Amino acid sequence: MAAISLTNVNQVFGSGTAQVQALTDVNFAAATGTLSLVMGPSGSGKSTFLSIAGGLLTPTIGEVTVDGKKYSGRSKKGA
Ligand SMILES: Nc1ncnc2c1ncn2[C@@H]1O[C@H](COP(=O)(O)OP(=O)(O)OP(=O)(O)O)[C@@H](O)[C@H]1O
Ligand SMILES: [Mg+2]
């Protein structure tokens, strides 16, 4: 089981003419004890990806799981 996984994650900022699609259908899984590098040019979505993977940002669309549990289903107490 992946320690952290993102499934079909999309992130949209803003609306109308100011709308930015920061992430499009991102799929990622990291196993426990492994090292992952996030690389890409400026503006490619690295910080957005890390904010979502770290639970600081809820994706516009898609699912994030930690140890098989959905972030959206977790309480602030971590239960
Ligand atoms: N809060 C926000 N509001 C509007 N647009 C945003 C916001 N955060 C990021 N973006 C846009 O989303 C896209 C991805 O930005 P992000 O900061 O994730 O890229 P990055 O790969 O971390 O870039 P850098 O290498 O410069 O740090 C960019 O087009 C950026 O302008
Ligand atoms: Mg960044």
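Strand E3 supplies the largest share of the lining of the largest pocket, giving 3 residues. Keep in mind that we're looking at a predicted model here. This pocket has a volume of about 230 Å³, and 12 residues line it. If you want to find its centre, look for Thr-58, Pro-59, Val-64, Tyr-71 and Ser-72, the lining residues that lie nearest to it.

You can pick out the pairing at Val-66 in E3, which stands opposite Ile-4. Val-66 also stands opposite Lys-69, and that residue belongs to strand E4, residues 69–70. E3 and E4 are antiparallel too, with 2 bridges between them.

Now over to the second largest pocket, with a volume of about 160 Å³. Its lining is made up of Leu-23, Val-26, Phe-28, Leu-37, Val-38, Ser-44, Gly-45, Lys-46 and Phe-49. Two elements, strand E2 (20–30) and helix H1 (46–53), each give two or more residues to that lining. Which of them gives the most? E2 does, with 3 residues. Sorted by class, the residues around this pocket come out as 6 nonpolar, 2 polar and 1 charged.

How values were computed. Residues are numbered from 1 along each chain as its sequence is written. Chains are lettered from A and ligands numbered from 1 in the order in which they are written. This is a predicted model: local features need pLDDT of at least 70, side-chain atom pairs count only at pLDDT 80 or more; totals for chains, interfaces and linings use all residues. Side-chain values use heavy atoms; hydrogens and water are left out. Two strands pair if DSSP finds at least two bridges between them. Helices (H or I, at least four residues) and strands (E, at least two) are DSSP runs, numbered from the N terminus. On a 1 Å grid over the protein atoms alone, a cavity is a set of points where a 1.4 Å probe fits but cannot get out, and a pocket is an open set with protein on both sides within 12 Å along at least five of seven lines; lining residues have an atom within 4 Å of a point. Grid points are joined across faces, edges and corners, and a volume is the space filled by probe spheres set on the points. Ala, Val, Leu, Ile, Met, Phe, Trp, Tyr, Cys and Pro count as nonpolar, Asp, Glu, Lys and Arg as charged, and the others, Gly among them, as polar.
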